[in-house]
Amino acid sequence: CAKVSDSLQGAYDGLLRMLPEEDVLNVDETGHKDSGRRLWTWCFRAATFTLFKIDPSRASSVLVEVLGEEFDGVLGCDYFSAYRKYMKDADVLVQFCLAHLIRDVKFLVGHPEPRNRAYGRRVLEALRNLFAVIHRRESKSEAAFANQLQEAGNILYGTAIHRVPRPREAENLAYRFDMVVRGELQTYFENQG
């Protein structure tokens with residue numbers, strides 16, 4: 001292992017130096033133990049390569065160490081606090097993961113609390129309408145598609161942040177929509193131009 005690690009160190013360091021220059025990076029982290037010691041494997045997915053970094057920290061300091069405070073690309077990630085802190089501190093454009101958002105909506109749809117279920121169903125229906133617009137994109141003019149997408153996004157956003165029931169799970173989702181959906185749609189529109 002040591003010989004292989006030593007032989008790959010130069011290539012690894014070269015890829016590590018390339019990460020801050022990427023236009024788009026998708027990042028995630030997962031915990032594991034090594035001889036009882038808690039570590040985090042960070043995955044940085046670039047357009048042409050993937051780099052893993054094992055670190056004892058799950059904090060935003062890892063992002064600063066790897067990407068620096070001047071990262072000028074788009075960071076695709078979940079809404080874990082380390083990414084939100086890095087986004088705020090380094091003024092980085094973040095595109096939050098829709099799959100996590102969809103999972104959270106589906107969780108509410110099956111929740112035992114009736115108010116959460118009703119709220120989850122309303123949000124899920126608005127989310128389905130948004131994706132229906134996206135799936136019909138090829139049949140629309142660019143202007144018509146942009147208008148319909150904006151309208152569906154506004155309806156989704158309004159549904160998610162209005163008439164939110166008091167249970168904590170629904171309030172958490174409303175907060176995420178306030179933070180996530182606007183960022184997702186803004187990034188989507190910017191990438192279309």
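This is a predicted model: local features need pLDDT of at least 70, side-chain atom pairs count only at pLDDT 80 or more; totals for chains, interfaces and linings use all residues.
Colleague: What is the overall make-up of the protein, in helices and strands?

Modeller: There are 7 helices and 5 strands. Along the sequence they follow the pattern α-β-β-β-α-β-α-β-α-α-α-α. The C-alpha atoms fill a box of roughly 55 × 45 × 30 Å along the principal axes. Of the 193 residues, 38% are buried.

Colleague: How do you know that β1 and β2 pair, and in which sense?

Modeller: Strands count as paired if there are at least two bridges between them. Strand β1 (residues 24–34) and strand β2 (residues 37–45) have 9 bridges, in the antiparallel sense. One of the bridge partners is Cys 43 in β2, which goes with Asp 28. The hairpin of β1 and β2 has 2 residues between the strands, and Ser 35 there takes a positive phi near 55°.

Colleague: What makes β1 and β4 a pair?

Modeller: The same cut-off of at least two bridges applies. β1 and β4 are joined by 3 bridges and run parallel. Val 24 stands opposite Val 74 in β4.

Colleague: Why is the pair of Trp 42 and Phe 44 called stacked?

Modeller: Two values decide that. Ring centres must lie within 6.5 Å, and planes under 30 degrees apart count as stacked. For Trp 42 and Phe 44 the centres are 6.3 Å apart and the planes are at 20°, so the pair is stacked. Trp 42 and Phe 44 are both buried. The whole structure holds 4 aromatic pairs.

Colleague: Why is the pair of Tyr 79 and Phe 96 called tilted?

Modeller: The centres of Tyr 79 and Phe 96 are 6.5 Å apart and the planes are at 55°. Stacked needs planes under 30 degrees apart and edge-to-face needs over 60.

Colleague: Which residues do ring pairs link into a cluster?

Modeller: Trp 42, Phe 44, Phe 80 and Tyr 83.

Colleague: What makes Arg 58 and Glu 29 a salt bridge?

Modeller: The cut-off is a side-chain nitrogen within 4 Å of a carboxyl oxygen. Between Arg 58 and Glu 29 the closest N and O atoms are 2.9 Å apart. Arg 58 lies in the loop between β3 (50–55) and α2 (60–67) and Glu 29 in strand β1, so the pair ties together parts that are 29 residues apart in sequence.

Colleague: Why is Glu 29 called buried, and why does Arg 58 count as partly exposed?

Modeller: Buried means under 20% relative accessible area, and exposed means over 50%. Glu 29 has 8%, so Glu 29 is buried. Arg 58 has 29%, which falls in between, so Arg 58 counts as partly exposed.

Colleague: How do you know that Lys 53 and Asp 55 form a salt bridge?

Modeller: Their closest N and O atoms are 3.7 Å apart, and the cut-off is 4 Å. Lys 53 and Asp 55 are both buried. A search of the whole structure finds 8 salt bridges. Another one of them joins Glu 113 and Arg 115, at 2.9 Å from N to O. Salt bridges that share partners also join Lys 53, Asp 55 and Glu 65 into one network.

Colleague: What makes Ala 47 exposed?

Modeller: Exposed means over 50%. Ala 47 has a relative accessible area of 63%, so Ala 47 is exposed. Ala 47 lies in the loop between β2 and β3. Its C-alpha atom is separated by 9.2 Å from that of Asn 26, 21 residues apart along the chain.

Key:
Residues are numbered from 1 along each chain as its sequence is written. Side-chain values use heavy atoms; hydrogens and water are left out. Rings of Phe, Tyr and Trp (its six-membered ring) pair if their centres lie within 6.5 Å; planes under 30 degrees apart count as stacked, over 60 as edge-to-face and the rest as tilted. Buried means under 20% relative accessible area, exposed over 50%, partly exposed in between (1.4 Å probe, protein chains only). Helices (H or I, at least four residues) and strands (E, at least two) are DSSP runs, numbered from the N terminus.
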